[in-house]
Amino acid sequence: MIPLYLDPNQARIALIGRGALAVRRLEWLRAGGAVPDVWSDAPSSDLLVAAQGLQRCLPPPADIEAYHAIWIADLDRDEADRLACLARAAGVLVNVEDVPALCDFHTPAVVRRGRLTLAAATGGASPAVARMVRERLETTFPGAWGDVLDEIAQSRTELRERGAGIDDLIADARARLISRHLV
């Protein structure tokens, strides 16, 4: 697996689904800053509430081609397979919830601390293990990491303007983390 972080401001993202898994994936995408287009031919009442602007159908091939990444949840295997094949043929990355064989990428378990994003993945082998790792990360990296990262980012900008090199930037970040008792 090659871990990547996708910038939702630079990538067009879609979610195709019907029920609880689609709602959960929509919340996950939004937590990462995405505003995905949501498609559903038979949305649950929860998905209708969660997804304003929902397209009330499954996307046709011409619309699939417009995306960089698509998540599929709550569809039967044949429908998911058909949409995944269309996406791949268009050069679009696809993830079918809980069907590793249909996935170009896997959705990690994520911990967010401000702009710090930590992810754990098992390549689809065991989402339960990824979840347990996420829980460990949550306790290891408390919320204070988000605040200190903002401080380090500001300091980094100021140090760079003064011509500081990488060693100075690393020393400054380390000192700030140590002063907050985070390392």
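In what order do the four strands of the open sheet stand? They line up as 2-1-3-4, and the pairing is parallel. Two strands count as paired if DSSP finds at least two bridges between them.

**A quick note before the close-ups.** This is a predicted model, where local features need pLDDT of at least 70, side-chain atom pairs count only at pLDDT 80 or more, and totals for chains, interfaces and linings use all residues. Residues are numbered from 1 along each chain as its sequence is written, and side-chain values use heavy atoms, with hydrogens and water left out.

**View 1. Here is the whole protein chain.** There are seven helices and six strands to find. Helices (H or I, at least four residues) and strands (E, at least two) are DSSP runs, numbered from the N terminus. The C-alpha trace spans about 55 × 35 × 30 Å along its principal axes. Of the 183 residues, 38% are buried; buried means under 20% relative accessible area, exposed over 50%, and partly exposed in between (1.4 Å probe, protein chains only).

View 2. Strand 1 and strand 2 are held by three bridges in the parallel sense, and Leu15 has Val38 as its bridge partner in strand 2.

**View 3. Zoom in on strand 3 (residues 69-72).** Both of its faces are covered: Ala69 and Trp71 are buried on one side, Ile70 and Ile72 on the other. Four bridges link strand 3 to strand 1 (residues 13-16), and the two run parallel. Follow Ile72 across the sheet: it is the bridge partner of Ile16, while its own partner in strand 4 is Val96. To get from strand 3 to strand 4, the chain passes through helix 4 (residues 77-89), making a right-handed β-α-β crossover. Right-handed means that, with the strands pointing away from the viewer, the path from the first strand over the helix to the second runs clockwise.

View 4. Helix 1 (residues 20-31) lies across strand 1, strand 2 and strand 3, at about 160° to strand 1. Helix 4 lies across strand 1, strand 3 and strand 4, at about 165° to strand 4.

View 5. Is Ser155 buried or exposed? With 5% relative accessibility, Ser155 counts as buried. Its side chain makes a polar contact of 3.0 Å with that of Arg176. A polar contact is a pair of N or O atoms within 3.5 Å; within protein, one must be able to donate a hydrogen and the other to accept it, and residues adjacent in sequence count only if both atoms are side-chain atoms. Leaving aside neighbours within four places in sequence, Ser155 is in contact (heavy atoms within 4.5 Å) with Asp172 and Arg176.

**View 6. Last, two residues with positive phi.** Asp98 sits in the loop between strand 4 and strand 5 (109-113). Its phi is near 65°, a positive value in a residue other than glycine, and Asp98 is exposed at 58% relative accessible area. His181, in the segment after helix 7 (166-179), has a positive phi of about 60° although it isn't a glycine. His181 is exposed too, with 71% relative accessibility.

Methods. Axes are lines fitted to C-alpha atoms, for helices over the stretch in contact, and angles run from 0 to 180 degrees between N-to-C directions.
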